[in-house]
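I opened this notebook to keep a record of what I looked up, one topic at a time. The entries follow the order in which I went through the model.

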Amino acid sequence: MATPTAVANGTITTVAGTGEAAFDGDGGPATAAALQSTRVASDRFGAFYIADTNNHRIRKVGPDGVIRTVAGTGTSGLSGDGGQATAAQIAQPVSVAAGGDGSVYFATWGGSRVRKVAPDGIITTVAGGGTETADGGKAVNAAFSNVFAIALDGAGNLYLTERFGHKVRKVGTDGVIRTVAGTGQAGYDKDDVPATTAKLDGPKGLAVDGAGNLYIADTGNHRVRKVATDGTITTVAGTGDPGYIADGGPAAKTRLNAPEGLTVDGDGNLYIADSANHRVRRVAPSGIITTVAGTGTGGYNADGSTADAARLYFPDTVSLDGDGNLYIGDGGNNRVRKVAGATRFDPARFPIADLYGAAVAPHTVQRGQEFDIGARIRNRGPNTVDGESVTVVLTLADGLTGGPGTTGRRLTRTFPGVKIVPYAQALPNGWEHLDALFRVSAPETTPAGTYECTLEIQYSGELNLKDNTFTLPVTVVVPQDVSDETALEIHQETVPEAAPGQQTKFNVLFNSPTGQPVNPGAITQRYTAPTGFVYTGQPSYGYYATIHGVITGNLDYVIEDDGRTLIITANPHVNTTTSDTGPLVYTIGVQALPGARPGISADGSASVGKHAPVQIAAKVTGSAGDETSLRLVQESVPEAAPGATTSFNVEIRSLNNAPVDPGTVVQTFTAPTGLAFTGGASYGYYYVKPAVTGNLTTRVEGGGKTLVIESNPHVNTGSTDATALLYTLAVRALPDAKLGTYDDGQAVIGRLTPVPLTGRIS
């Protein structure tokens with residue numbers, strides 16, 4: 001599709017899909033059609049193709065913008081070879097590729113096959129459907145472990161990924177199949193070796209450049225790998241740790257998050273659908289990575305803007321046409337998006353380095369006391385910064401004075417000889433940050449009150465960086481009587497958040513605002529819980545800033561009023577010796593009541609001896625803490641002959657990759673017609689290294705028609721449950737089951753909307 005001259009390079013628009021997960025619209029504008037998957041590929045004739053997975057169709061959008069079905073009837077199946085593709089049944093197509101002669105190739109998750117639609121509309125199988133697993137045989141006799149992505153090179157060779165076989169295989173123009181990458185074992189062990197000796201982990205996307213180099217989205221390893229024409233494999237993008245680090249640096253030193261689709265332009269730029277980062281990223285031949293589409297926040301907006309200002313939602317595929325336009329399968333939005341002239345689009349450039357700081361200032365100082373004020377500076381990258389290029393300017397409030405050797409209210413510092421390393425790594429001298437601090441004092445003549453200083457971080461004389469200006473308030477006080485608890489400053493340091501029925505903890509901080517000793521002796525401290533919460537278990541204390549390290553212990557306590565009241569008897573002393581240097585931190589456990597309503601309650605209190613009561617708040621989390629924020633999809637369709645057993649997978653993610661920890665939830669699975677659950681079930685978090693797996697406790701009802709699981713389907717709460725949870729459920733085909741595909745199964749997770757399940761008797 002040619003780019004209209006009126007559309008600026010880099011402009012993003014929707015070219016297919018309404019956002020609704022459904023099927024309609026054939027024969028009309030693609031933008032008014034509903035899709036149930038958007039894995040996309042463009043051809044050289046100005047059209048693009050969509051593997052409409054859950055509609056069991058391949059759909060084509062012509063240069064006129066009209067959408068039509070070119071393969072599939074909408075019923076999942078494997079029939080029709082030798083006939084018209086529009087009369088054939090296809091089973092969950094998950095990728096598509098356009099041949100140079102007008103042919104269309106697609107891979108199906110169901111049946112693990114690659115099929116081809118010739119220019120005359122005749123469909124055939126070109127790989128899969130057999131029983132052979134070894135290399136060297138005909139591709140049509142091969143058996144695959146969940147074929148996923150396909151790609152074609154300039155000579156007509158076909159490449160495919162086996163997602164759970166952890167391999168990439170090549171079907172030559174002679175129809176013979178061979179492995180070109182992966183050992184078949186999941187993992188990551190080495191680069192710069194023959195690709196067939198290196199492990200992959202759940203590979204998805206593929207691309208081949210004009211020189212014949214093969215690129216692999218090694219999804220489970222959060223890397224993109226390259227197999228050169230000599231068969232050697234290397235990593236070209238991703239460190240292996242999921243996440244996002246600022247653009248503008250070397251791609252091999254940045255993070256990706258579950259990369260999927262890939263494509264390469266004629267200049268050797270590699271485009272990556274960085275799925276869980278909600279971005280499309282580009283790696284230049286120099287190795288530098290940038291974002292060309294997506295802001296990193298999942299969602300849908302900003303059609304008509306530049307692509308790097310628009311939101312995407314789990315983009316899964318990318319494809320380029322002959323005019324340099326980029327097509328994006330915006331999977332979570334059920335849309336195909338187009339970036340006009342993407343190969344000529346220069347996204348917003350990142351600075352040579354991006355400095356940012358955390359303000360450092362005492363809340364309160366005693367009149368006549370010296371103190372430090374300033375910022376701790378870090379570098380987001382991509383480049384290392386010379387300290388001599390950094391200038392910090394502090395403008396003192398009237399009433400405060402600088403330390404020895406300074407004059408006036410405007411103080412400056414530079415840092416020659418210091419290097420600020422990107423990405424918050426340690427500096428060469430062992431610092432974790434650059435301390436840009438000034439010694440300041442409040443003279444004895446300074447009136448009590450609050451004084452505001454300002455601070456600027458300048459880089460090479462520029463002030464156009466993020467987070468580079470601060471207002472630093474300091475309260476000057478007259479020395480107080482510190483013989484009792486009223487001299488303490490007490491505040492709640494953290495607001496606890498918990499879903500109904502869950503437990504958590506919060507901190508209360510005790511400090512002497514003037515740094516003087518406070519030693520009131522043992523006093524009674526009464527804590528009232530905020531509405532919706534009760535106190536639980538043993539509270540503890542800790543001094544975390546002593547020269548002896550951390551000093552902790554348990555507090556004497558009593559819980560009354562069914563948990564609503566916590567009474568602590570203790571001496572909240574600070575700064576009396578080197579082992580109680582302030583602040584003092586209490587850590588207190590609470591539980592959200594099972595029936596608590598979501599929201600923040602601030603009606604709790606802490607009454608410490610004669611000290612004025614301090615407000616205590618807590619939050620009962622709502623949808624972000626329960627199962628309604630999960631989304632479940634059937635990832636594979638079980639297929640078995642009558643009497644045989646098999647298994648299938650369902651994947652559980654969260655909305656916008658947010659943490660979800662609902663606690664134990666009843667999950668009910670209903671088998672499709674002709675199938676019954678055996679009771680076998682396991683789980684796995686495969687986006688973490690090492691993978692976390694185990695068996696699920698199940699209950700089979702109705703002769704296997706229903707499977708009940710009671711577990712906690714949590715995701716993104718820590719380093720061991722990132723991105724997605726996969727269930728593998730075992731089923732058997734009933735001995736008298738009739739052949740066919742059945743879509744009447746169902747999965748229900750607590751209050752989540754039921755999701756249909758499909759099965760096949762073959």
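**Entry on the second largest pocket.** I began with the lining of the second largest pocket, to which β2 (39–42), β6 (93–98), β10 (147–152), β15 (206–208), β19 (259–264) and β23 (315–320) each supply at least two residues. The strand names follow DSSP runs numbered from the N terminus, where a strand is a run of E of at least two residues and a helix a run of H or I of at least four. I noted that this is a predicted model, in which local features need pLDDT of at least 70 and side-chain atom pairs count only at pLDDT 80 or more, while totals for chains, interfaces and linings use all residues. Residues are numbered from 1 along each chain as its sequence is written, and side-chain values use heavy atoms, with hydrogens and water left out.

The second largest pocket holds about 1,000 Å³ of space, and 44 residues line it, of which Ser-42, Ala-98, Leu-152, Thr-263 and Ser-319 lie nearest its centre. I wrote down what a pocket is: on a 1 Å grid over the protein atoms alone, it is an open set of points where a 1.4 Å probe fits, with protein on both sides within 12 Å along at least five of seven lines, and lining residues have an atom within 4 Å of a point, whereas in a cavity the probe cannot get out. Grid points are joined across faces, edges and corners, and the volume is the space filled by probe spheres set on the points. By class, the lining of this second largest pocket has 19 nonpolar, 14 polar and 11 charged residues; Ala, Val, Leu, Ile, Met, Phe, Trp, Tyr, Cys and Pro count as nonpolar, Asp, Glu, Lys and Arg as charged, and the others, Gly among them, as polar.

**Entry on the largest pocket.** Which residues lie nearest the centre of the largest pocket? I found Gln-36, Asn-54, Arg-631, Val-633 and Gln-634 there, out of 39 lining residues. β49 (630–634), β51 and β59 are the elements that give two or more residues to this lining, and β49 gives the most, with five. The volume of the largest pocket is about 1,200 Å³, and its lining has 15 nonpolar, 14 polar and 10 charged residues.

**Entry on strand β59.** I then followed β59 (residues 755–761), in which six of the seven residues are buried, where buried means under 20% relative accessible area, exposed over 50% and partly exposed in between, with a 1.4 Å probe and protein chains only. Strand β58 (residues 740–749) pairs with β59 in the antiparallel sense over six bridges, and Gln-746 stands opposite Pro-756; two strands pair if DSSP finds at least two bridges between them. β58 and β59 form a hairpin with five residues between them, and Gly-750 in the turn has a positive phi of about 55°. Strand β50 (residues 639–640) pairs with β59 in the parallel sense over two bridges, with Ile-761 as the bridge partner of Ala-640.

**Entry on aromatic rings.** The structure holds nine aromatic pairs, and rings of Phe, Tyr and Trp (its six-membered ring) pair if their centres lie within 6.5 Å, with planes under 30 degrees apart counted as stacked, over 60 as edge-to-face and the rest as tilted. Phe-510 and Tyr-586 form a tilted pair, 4.5 Å centre to centre with 55° between the planes. The pair links distant parts of the chain, since Phe-510 is in strand β39 (residues 503–511) and Tyr-586 in strand β46 (residues 584–592), 76 residues apart. Phe-510 counts as buried because its relative accessibility is 0%, and Tyr-586 is buried with a relative accessible area of 1%.

**Entry on backbone geometry.** I kept in mind that most residues other than glycine have a negative phi, and most peptide bonds are trans. The peptide bond from Gly-582 to Pro-583 is cis, with omega near 5°, and Pro-583 is in the loop between β45 (565–570) and β46. His-222 has a positive phi of about 55° although it is not a glycine, and I found this residue in the loop between β16 (214–218) and β17 (223–227). Is His-222 buried or exposed? His-222 is buried, because its relative accessible area is 0%.
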